[in-house]
Amino acid sequence: MSKRTSLSVVVCRGFSTPLRARRGAVIFDDLRAIQLRYGFLPKAELEGLSQRNQTPLYQIHSVASFYPHFHLAPPPKAEIRVCADMSCHLNGACELRADLERRFANSRPEEVQIRDVSCLGRCDHAPAISINDHIFTVVTAAHAELIARSAIRGDDIHEPHPEQARIACKADPYGEDEKYGVVRKLIPSKAWDDVLAQLKAAELKGMGGAGFPTSMKWDLVRKQPDPVKYVVCNADESEPGTIKDRFIMTNLPHLLIEGMIIAGLVTGAKRGIVYIRHEYHLQEEILGEEIRRCYRSGLLGKKILGSDLDFDLEVFVSPGGYICGEESALIEAIEGHRAEPRNKPPFPGQIGLWQKPTVINNVETFINVPQILARSVDWFVAQGAGGSRGLKFVGVSGHVARPGIFEVSMGVPMRDVIFNHAGGVRGGRQLKSFAPSGPSSGYLPASMIDVRLDFKALAEAGSMLGSGAIVVCDDTTCMLDMALNAVRFYRNESCGKCVPCRVGSQKMADMLVRWTQGGVPESQYRADLSLLGELSQAMSLTSICGLGQIAPAPIQSVLKHFRAEVDAHVLRSQCPSGICFTPAARAGEAQRLGIRP
Amino acid sequence: MAATLTPPGMIDITLDGRSVRVPADTTVFDAARMNGITIPTLCHLQNQTPVGVCRLCVVDTGARVLAASCVRPVEPGMKVVTNSEKVLGARKTLLELMMSDHPSPCARQQNSGDCELETLAKAAGASQPRFAKRTVARGKDDSSLAIAVDHDACILCDRCIRGCDEVKSNFVLGRMGKSYSAGIAFDLNSPMGDSTCVSCGECMVSCPTGALTNKSVVGTAIVVGPGAQGFEAEDLLQIPVFKGVSGTFLELNRGAIVKRRFRKGDVICREGEFGSTAFYILEGKAKVSISTPIAHVKTQGGAKGLFKRLSSTLVAREEDKREEEVRDRTIPIDASVDLAYGNPVAELGPGDLFGEMTCMNFYPRSAAVIAESDVVAFEMLRNVLDIMLKNKTFRGQLDQTYRRRALENHLRGVPMFADLSPDFIEHLKESVELQRFAPGQTIALQGDPADSFYLVRIGFVKISENYPGGEMVLAYLSRGDYFGEIGLLGGGVRTAACTALDHVELVRISGEDFRDMVARFPSVRTGLEAVAAERRAANQQRMQMVHNVPIDQFLWQGLMEAQSLLILDLQNCTRCDACVNACADAHDGITRLIRDGLRFDQYLVATSCRQCRDPLCMVGCPVGSIRRRNSLEVIIEDWCIGCGLCAQNCPYGNINLHPFEVMVDDPERAGRKKPAIKQKATSCDLCTHLKEPSCVYACPHDAAHRVDPRTFFAEMLGQGPAK
């Protein structure tokens, strides 16, 4: 009993104590404590919590019911969740789930429940599943069954932490004893303007997807008169295929921390928070250790390195959900609310965390800062290829021979990344298409393989650099199926705040489900296409945040580049890849219909 | 260009090609409104903080995406287009999306034709959505007395939530879940009627669709006439208890409250009458009393031979003390006072509420109320009483009145508390908690830690015990009863589940006070322990029966409900009806036996009181005059007012009303009496005054038997009773 509960608790720790007192409304710690004790959140306990904290019941429920990691009912002894997104989907997740359903067909729901789950961030080791919040990668149904059965028996199960040797990266400017060299030099000089000037000269852009100039963001926060400011690192990468920050935090945690300290010094923020997704247990430990080391050596805390400057840093573990990666939703989550994106303007740089000016940057953006400052702008410029600047970490997954995370020059052709670094298409098959950055970038056809890995080049190709989550599809892939897979992801991860995203993503999924079944009369198909166009337009134009705005991208890109395939599918019930319209596909489809619980 | 001319606090923007000057801190939505441009919206209300979630108010500001004008601040030089094809197209699609899940016409559209979504969709030509419809219904919530909830009509505009939390500060409503399955929820997703909702109606008047609508109850209006003056919503808002309630909501409930004037001697209500209103006295004094004789039906007769001159009469307990009758028990009524057994009269005055049970639960009036002076009172229906009861001030005032006036009587009405010292009662008056429960709500679960002792103040509490395969009702407790002592005196856990059957109000004495009480007053302890032991024994005995019977075979005929059956062996029975006649003869011509019922094998189970496991007859008695003895026999107490509810509730027709002619005060001529017919409930008494039930005795064919089903049928089924 207690074993089971202790497992689910690993999931969402909030802050360590320092911030607690100031967090008034944050209730994650309390909810976690209750879940630790009972394995779920019993009503009577929530009522007690409401009394003690003088928090209305509805507030507790609205938060507890929003995040997938709080259980409002007793969980089964083994809760198996199969990652259903892009890379795992390409690597047999559907078949895995169907196999598991068969294996546990006679089990009672108190023992086992099998559900889909959104991307677990293990795209390079697909397929991934989680059992009682422990993640297992490259699993077979037989292996998963074994683990689940031991969980049912009440045995303790452990998440394997694959041995991760530190990999030397070009991005690291330091030898073992030189770490934090930039901060050490910067503090006596207090040359904050110089930092901004160098970042501006380097044209450093945000690496989380949007590509906003970092110097402008920092300058905006620096100019805010409010004495209280925050620096937040968005380490919640949850876009299917995105695994680069996991790699960076494993191998270059000191650069991330140094980048955040510099951001704090330049903008005048005295407190930083790393918002990390809860599936990254190992990275959370590594970062925690590095932070403690920095506190011991005086790099963090009050009067850094004997100066009059303060900077505190801590790790906040996300209670879960792709939407938390949206910067304003992330802020709402830290504040203890439902992670619903805010209407902008105002931007976080003006009114952010706890209504204070806040710098929010991606992990990779922060690590670029000490790179540029430790070496030089010229060095940074020289790292790029074909006129682009700097280095880029990309994750390559899907149908490739060597899936993984690679450090490449910004601007290299996609062909180089996929064929040289990732070993090309697996099993000698043909490349059919690739997504430069998960579902959000849409799918490009094999013919565009020479597009360069660069903000501008990809935007011109009708895609985007995004978070460098390259997903490769071989010629056995049905592109309509991939589009439906992507829409389902957005539908499941929509926060539900605004109409276009909440309702639109469902209606779009409904339409694509109908399409994948084939045999649609031509007149209906034409009407559908026009309606889909209107819906895509409305979602892109009126959704509050990027999730709803980008949700139509996958199907629109498939219609643009693979129209003939879609037509054959919808009108003539022919799947050129030969994977749909088989009895197995139908059975799998029936299972996936409807909304995930 | 015009910057130098722009006065401070104002800025210039372009709206649909027109240059306009607007306040610098306004939103695009308001700037447009000030300039005569109406932007459609569903989630925005002028008195609430804008949230920008319906996205219908989007406008083109020249950016990559459209901006929701309700949350978008104006900026100097901004160029806003509110009606381009791009904007109108996006709006139409949004309406079509919402309409595809909308139960059109929704309740609001049906009731008043003003569903904002349907109206806007019609105007935009989006009434016939092309998107797939919602496949899984989100359901309705009918639990609130005043407001109907249809989750399918909800568009999550957040207006009710802001109305509840921001406008009225009631903090009950929020969003729950995420993505397409998100919805609104009360408290921890409780049914609205069980939630902490105060029925202020703000959510309902904020709702743009049929998701939250006013519930029309039967008879929403009290007839206004001479002496009954209606109210306008504005007048009502002046009355303190209606402060904070939505005016529109009161408007919808207009007619559900009147102010009545009674002259001295007027009858305000009569005992036993059915009604649906409660009264709140504003001025004057009234007398509350019971005019039905305080007595029970006694059947007397010889024990031998045939039943020649048997007769039933009304006797009070002074003359005929029955087993387990408690001398000092007071008579609970539907007001803040209890009546004394010996002198069932009390006085009500300004600030007193009576008829709460009648109004909330539709039980018959428990007593007659007659104006002793000129009386002014509110008379109200359930919707309005619900609002008033949920008003914290009014609630506090009622609770205060109760603590001051009735709690002591209430405590003293329980005989074993008679020894409590005045100072301890004073202490309790302050420290007890008054709790309310909605129908069906759990008060305590079997196995819960026992931390309090309860006195029932209003309503019925079901005490039941779970056993594998079912639930056994141990008792229905009503006003004046208490529970919780077994857990406190014993092992510290609840031995039975306690559930509110209807609108229930309890007096909660904390475990601490309880322990203090039993420590200070040994007589109380002894009394409580004795009762607890009795209750435990009785419960155990009942549960024993449950365990020894092949449940599955019995349940389908409902026979398991019975603990003592009258059965007729159909192989012997000639249908001569001698048993029925004998019963009638034994009870003044009113039979308590009907030769009809369920068949089980060769036996007909005749309908005479079955002493059910779930005695429905005990639910609802307005004066708590029906209970069962430890022998499980149903007993009607002397203060039965003859309303007939128990007879109506008994599913087997085993309780009958027996009319008697008695002399009562003549209202026409003071001080004089006149004859009147008063009824008393009776049930099969097993002819306890006879050696054998008369029906069994009378059967000439040895076909009638009174048996205990657990042994009788167990044997027959080849499964002898355990042990």
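**Entry 1**

I started with α20(A), which passes α2(B) in a left-handed crossing (left-handed: the near helix is turned anticlockwise from the far one by less than a right angle). Helices here are DSSP runs of H or I with at least four residues, and strands are runs of E with at least two, numbered from the N terminus.

Before going on, I noted that this is a predicted model, where local features need pLDDT of at least 70 and side-chain atom pairs pLDDT 80 or more, while totals for chains, interfaces and linings use all residues. Residues are numbered from 1 along each chain as its sequence is written, and chains are lettered from A in the order in which they are written.

Back to the pair: what angle do α20(A) and α2(B) pack at? I found about 65 degrees, with the axes 10 Å apart; axes are lines fitted to C-alpha atoms over the stretch in contact, and angles run from 0 to 180 degrees between N-to-C directions. On α20(A), the contact uses Val499(A), Pro500(A), Val503(A), Gly504(A) and Lys507(A). Leu94(B), Leu97(B), Met98(B) and Ser100(B) meet them from α2(B). Contact means C-beta atoms, placed from the backbone, within 7 Å.

**Entry 2: the whole interface**

**Entry 3: a sheet in chain B**

Next I traced an open sheet of five strands, in the order β11-β12-β23-β14-β21 with antiparallel pairing. Strands pair if DSSP finds at least two bridges between them. I marked β11 (228-230) and β21 (353-354) of chain B as the edge strands. Inside the sheet, five bridges join β14(B) to β23(B), and Ile281(B) stands opposite Ala377(B).

**Entry 4: Asn409(B)**

I looked up Asn409(B) in helix α11 (residues 392-413) of chain B. Is Asn409(B) buried or partly exposed? Asn409(B) is partly exposed, because 17 other C-beta atoms lie within 10 Å; buried needs 20 or more, exposed 12 or fewer, and partly exposed is in between. Beyond its neighbours within four places in sequence, Asn409(B) touches Thr330(B), Val337(B) and Asp338(B).

**Entry 5: the cores**

Last, I checked the largest nonpolar core, of 362 residues, where Leu256(A) and Val461(B) touch the most other members. A nonpolar core joins buried Ala, Val, Leu, Ile, Met, Phe, Trp, Tyr and Cys residues through C-beta atoms within 7 Å. Apart from it I found another core, of 21 residues, including Ala578(B) and Cys699(B).

Terms used
Two residues are in contact if their C-beta atoms, placed from the backbone, lie within 7 Å.
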